[in-house]
Amino acid sequence: LIAAGFADARRQNVVGLPVEDALATLAGAALPPDVEARSAVDVDEDRLRLLDDELRQDMPGTPGWRSTPEEFRDHTFADPAFDSRTYLVAVDRRSDEYLGLVRIWMNPGGPRLGAVGVRRGYRRRGIASALIATALEGVRTTGATEVTMEYDVENVASRTLAERLGARPLGTRIELVYEP
């Protein structure tokens, strides 16, 4: 394909996260005292959409992403893989500001970690780890034993997270772009 004019635009590693191993690693992960986790169904939908748009600016493959309220609703709450136990938002108790989110889609083929992110200025406080742990507890209640996850090979934070949680390699995805 390269010889035919395609260029390697992005590579993702696909891994499986064993739920019990990840929860053992995250044992003791807690949100800061002034932050709480709320289900996506218990927060303002438009503010959640704006948080999602903001966090996507730091995610490989999604810079410039903007969703309309209708698109966001359709691709979130109307998605059959949506589960209120595994789509969580970190909220500052004092200001009601949305700080981060985690979403694990409960797909028929198995749960998939779709995103985890924390707004700049609130990172390195344990928020992402605590959100993941809480969402994984929700996954465990379904009986699922593994969650899949993809991450861009250039994303050091995601790779480190996956390795820390005991990820096992499942494959690689390569995005090719035609450049004649």
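Where is Ser67 found? Ser67 sits in the loop between α2 and α3; helices (H or I, at least four residues) and strands (E, at least two) are DSSP runs, numbered from the N terminus. The model is predicted: local features need pLDDT of at least 70, side-chain atom pairs count only at pLDDT 80 or more, and totals for chains, interfaces and linings use all residues. Residues are numbered from 1 along each chain as its sequence is written, and side-chain values use heavy atoms, with hydrogens and water left out.

**Surroundings of Ser67**

- Ser67 is buried because its relative accessible area is 8%; buried means under 20% relative accessible area, exposed over 50%, and partly exposed in between (1.4 Å probe, protein chains only).
- Not counting residues up to four places away in sequence, Ser67 touches Arg49, Asp53 and Phe72, where contact means heavy atoms within 4.5 Å.
- Ser67 and Pro80 are 13 residues apart in sequence, and their C-alpha atoms are 19 Å apart in space.

**Nonpolar cores**

- The largest nonpolar core has 30 residues, of which Ile104, Leu136 and Met149 touch the most other members. Such a core is a set of buried Ala, Val, Leu, Ile, Met, Phe, Trp, Tyr and Cys residues joined through side-chain atoms within 4.5 Å.
- Two or more residues of this core come from each of β1 (6-18), α1 (19-25), β3 (87-92), β4 (98-107), β5 (110-118), α4 (127-140), β6 (146-152) and α5 (156-164).
- The element that gives the most to this core is α4, with seven residues.
- Beyond the residues up to four places away in sequence, Met149 touches Asn13, Val14, Val15, Leu17, Leu113, Ser158, Leu161 and Ala162.
- A second, separate core of 15 residues includes Ala81, Tyr87, Val91 and Tyr98.

**Aromatic pairs**

- The count comes to five aromatic pairs. Rings of Phe, Tyr and Trp (its six-membered ring) pair if their centres lie within 6.5 Å; planes under 30 degrees apart count as stacked, over 60 as edge-to-face and the rest as tilted.
- Phe82 and Tyr87 form a tilted pair, at 5.9 Å centre to centre and with 50° between the planes.
- Phe82 counts as buried because its relative accessibility is 16%, and Tyr87 is buried, with a relative accessible area of 1%.
- A cluster of Phe72, Phe77, Phe82, Tyr87 and Trp105 is linked by ring pairs.

**Salt bridges**

- There are 23 salt bridges in the structure, each a side-chain nitrogen of Lys or Arg within 4 Å of a carboxyl oxygen of Asp or Glu.
- Glu45 and Arg73 meet through their side chains in a salt bridge (2.8 Å, N to O). This pair links distant parts of the chain, 28 residues apart: Glu45 belongs to helix α2 (residues 45-56) and Arg73 to helix α3 (residues 69-75).
- Glu45 is partly exposed because its relative accessible area is 26%; Arg73, with 37%, is also partly exposed.
- Arg123 and Asp58 form a salt bridge (2.6 Å, N to O). The two residues are 65 apart in the chain, with Arg123 in the loop between β5 and α4 and Asp58 in the loop between α2 and α3.
- In the salt bridge of Arg112 with Glu150, the closest N and O atoms are 2.9 Å apart. Arg112 in strand β5 and Glu150 in strand β6 are separated by 38 residues.
- Arg112 is partly exposed, with a relative accessible area of 26%, whereas Glu150 is buried at 16%.

**Positive phi values**

- Asp96 lies in the loop between β3 and β4, and its phi is near 65°, a positive value in a residue other than glycine.
- Asp96 counts as partly exposed because its relative accessibility is 29%.
- Arg124, in the loop between β5 and α4, has a positive phi of about 65° although it is not a glycine.
- Arg124 counts as exposed because its relative accessibility is 86%.
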